[in-house]
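Me: I have a model open and want to learn how to read it. Can we go through it feature by feature?

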Amino acid sequence: MKLDAPLVLSPEVEIVPVRDLAPHIRAGLSAPGDDYALTRLRSRAPSRIIDQDSAALLTLFRTPTRLVDAVLAFADQHERDPEVTLEQAYPLLFKLWETRLLTASDSVATNEIESMLQVGSTVGDVRLLRCIQALEDTEVFLGCNAAGAYVAVKFCHPGHTHVMQAIKHEARMMRRIRGQRAPMVLGQTPIDGGLALMSEWISGLDIANAAEGIRGRREPRHEEHLLALCIEVVNAFAEVHASGVLHGDVHPRNILLEPSGRVRLIDFGLAQDIEQQAESSGARGGVAFYFDPQLAEALLRNKHAPLTAAGEQYSVASLLYHLWTGAHYVDWKLERNEMLHQIIAEEPMPFATRRIPPWSALEQTLRRALHKRPECRFESMEAFAQALRELLPAAQMRTQQAMERGNEHAYEEDVLQRVLSRYEIGAAGLHEGLVNAPFASINYGAAGIAYALYRIAQRRGDAHLLALADIWIQKAYALSSHEQAFHNPDLGVEPQVTGEVSLFHSLSGLHCVRALVSMAFGDRNGSHLAMHAFVAHSQRPCESADATLGIASLLIGCAELVEAFPIEWHSSLEMIRSRGAELADELFQMLASSTIDTSTSMPSLGIAHGWAGILFALLRWSRATKAEPQSIIAEKLHELASLAEPHGGGLWWPVHNATRPPRFMDSWCNGTAGYALLFALAYDVLHEAYFAELVQHAAECAWVTDTRLGSLCCGLAGIGYACLAAYRVTGSQRWLERARTVTRRAAVDTSEHFFLDSLYKGAVGVAVLTEDLKHPLTAAMPLFESIIHDWGKE
């Protein structure tokens, strides 16, 4: 990205306030109303949520503007430090530039790009799934071949001979590399005068995102793991150099970390032969933050600088400094020439200036690789890697000492205690009332509180908490006549959205919780009356089939009641079994008459409002009734699984099927976290190993979320249950630790969208998750998953 050239935002880019989105879309976003959704029209790339400052900065690029001018203008308008603004905004701006949403003002990419290849068409045996990038001369697609493997397809348009030669050169470079550090070349195919290069699709997390998690965003800072990651990066480049190739384009998005822990490199378009480095005249490029001093000096003089192994070592070392500290090795100036002079002259900043614990040995190692004179750097990338390996014992000791100094505060336990105290007799919850409407429902109100107290009471064998659950379900009935008992227009929770029978948004839920609490008390007559009321209310008209608003939600309620029902009362359960069978039949008819990817009656795919929820409800009913699942369930599970796409180190599913523009989310309700719960249940019921793999892929994708929202529905607590599903399936402590970490992150949510008294949208749900973490093998999403599992006993 050129810092001194005018840039302009593509006219295909829309920046829309979240508050202006349709209510059902807004409700499913883990974003405040004052954030913005950034979308490219007719693109399959996911929408991106950005904050107000990012939106304000981007609007400055609606007309051609230099980066430096835009940053200075924004900083002046908002009274910000320009250099800090550049540091914070550059990752977003670079990503937009890389995907051609932000382009040079004289580029044809500023106009609408007509693709020559179409999603759904085939190149050889590869079906194109999604357009990743479309330029004036090149398109990049995600595809899937006949064997089911994901494939990257880079297509050069006809008439661009130099680009075609560059693609052939890239293929030659990748073929030379040993040790699987580069994508495997699968073939080249001429198409209508153009050329398509097919290569292995690398599923991994970009290295900056991976390091950010280890540094403390997703888990406590762990220097041993972080150093191991840095060593693996240098090992990858060392192996590429040993194969006789220089990569030529070092930056975080070209370095991917696979779930196995192996680092892979992509984009060898600027790669060169290491044997010809001295006389090489090949094109240089990349990201200025990672330029070596010799390239910077050449650019200032408008001369060519050959790509060298020593220069690439400098670029990798500058990247490692960023991975370790979260900041660049110098504080960049805004003007291009000033930045180039910094690369030539300025020394790396000490770690202490980045608020990172000093470590002289590592700082000296990086300083040597970042030496301004090439001959003073390590003699090879392998020697650089060895110097880092020698620091591993010290990293282990530093990590141990950090752990001994004290553990992170257990904020989630604070939330649990606040919740239990708030709903005591005489405490604020009962004395002052609930803060936000809806006041009675399971999702937002008193019935959700009652269910949470019931669940925690069952866990602990606590009669007092069970008595509180009884009080709160009575409170829910008392509130049920309030005009905002189940609705709140300000939240988009209105009658035309929720309908009349939803387990989570109507009297059906109150009756279900009343029955559960009565069973726990041994009150057979009370439970019978509540179940009768549940069945009666469930027979009201319902136009929705989904798992939170419609028929599937009622089937989940039936499954919950069947599983909780005392064996000795079996004869009283017939009404629930009969109603559940009727609801299941309706859902089976829907499955039989629809194709998931093309359905217009239900375009949503996710677990709260789509096909995943339908399948989940039927699996729960099959499990609760111990009935053999109908074969169509497995068929539809595979159909749904086929719609996944690789993302980071896992898989994600679009919010909607092919009838709607694609969006991707990581939440429980509409996103990837919900699929972890679905496929964990499918594995439990159907015992198919493939579903266990999908659990891990979905949880891996959800785990790397950027959201700070803490709720079960749209945020971190729901992702916590996805991690617990992966733990139950794999038995891996890594997933249990991730569940604990994400719960702690959820507990510190103080946003206005994290409601004090809500089960699915706030603190009450985090409290249940916190208690469940003490019983991870039987952890269950509240009133959704079954607490009975086959994986083992506590």
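Me: How many bridges join strand 10 to strand 12?
Reply: Strands of a sheet pair through backbone hydrogen bonds, either parallel or antiparallel. In this predicted model, strand 10 (residues 150-156) and strand 12 (residues 194-200) run antiparallel and are joined by 6 bridges. For one partner pair, find Lys154: its bridge partner in strand 12 is Leu197. Helix 5 (residues 161-176) packs on the sheet. Helix 5 touches strand 9 (138-144), strand 10, strand 11 and strand 12. The direction of helix 5 makes about 25 degrees with that of strand 12.

Me: In what order do the 6 strands of the open sheet lie?
Reply: Read the order across the sheet: 7-8-9-10-12-11, with antiparallel pairing. Strand 7 (122-123) and strand 11 (185-191) are the edge strands, each pairing on one side only.

Me: What do strand 11 and strand 12 form, and how many residues are between them?
Reply: They form a hairpin with 2 residues between them. In the turn, Asp192 has a positive phi of about 50 degrees. The two strands pair in the antiparallel sense over 6 bridges. Pro190 stands opposite Leu195 in strand 12.

Me: Now helices. How far does helix 22 reach from its first C-alpha to its last?
Reply: Compare the end-to-end reach with the expected one. Helix 22 (residues 574-592) has 19 residues and reaches 27 Å, close to the 27 Å expected at 1.5 Å a residue. Then look for the buried residues. In helix 22 they are Ile576, Arg579, Gly580, Leu583, Ala584, Leu587, Phe588, Met590 and Leu591. Their cover includes helix 20 (524-538), helix 21 (551-564), helix 23 (611-625) and helix 24.

Me: Where does Phe486 lie?
Reply: Phe486 lies in the loop between helix 17 (463-479) and helix 18 (495-498). A loop residue still needs its accessibility checked. Phe486 counts as buried, at 10% relative accessibility. Its contacts beyond four places in sequence include Pro438, Val493, His505 and Leu510. The C-alpha atoms of Phe486 and Glu500 are separated by 9.7 Å, and these residues are 14 apart along the chain.

Me: Which residues of the largest nonpolar core touch the most other members?
Reply: In soluble globular proteins, nonpolar side chains tend to be buried together. Here the largest core has 246 residues, and Phe384, Leu678 and Phe784 touch the most other members. Beyond four places in sequence, the contacts of Phe784 include Phe504, Ile556, Trp668, Leu677 and Tyr760. A second, separate core has 13 residues, among them Val126, Val151, Val153 and Phe155.

Me: Which residues does Ala725 touch?
Reply: Look past the sequence neighbours. Ala725 touches Ala676, Leu677, Ala680 and Val695, leaving out residues up to four places away. Ala725 sits in helix 27 (residues 716-730). Ala725 is buried, with a relative accessible area of 0%.

Me: Where does pLDDT stay under 50?
Reply: Where pLDDT is low, the predicted coordinates should not be read in detail. Here that concerns residues 789-794, where pLDDT stays under 50. The model has 18 contacts beyond four places in sequence for these residues. For the protein, the mean pLDDT is 90, and 92% of its residues reach 70 or more.

Technical notes. Residues numbered from 1 in each chain as written. Predicted model: local features only at pLDDT ≥ 70, side-chain atom pairs only at ≥ 80, totals over all residues. Heavy atoms only, no water. Pairing = 2+ DSSP bridges. Helix = DSSP H or I, 4+ residues; strand = E, 2+ residues; numbered from the N terminus. Contact = heavy atoms within 4.5 Å. Axes fitted to C-alpha atoms, helices over the stretch in contact; angles between N-to-C directions. Expected span 1.5 Å × (residues − 1). Buried < 20%, exposed > 50% of the residue type's maximum accessible area, 1.4 Å probe, protein only. Core = buried A, V, L, I, M, F, W, Y, C linked by side-chain atoms within 4.5 Å. pLDDT = per-residue confidence, 0-100.
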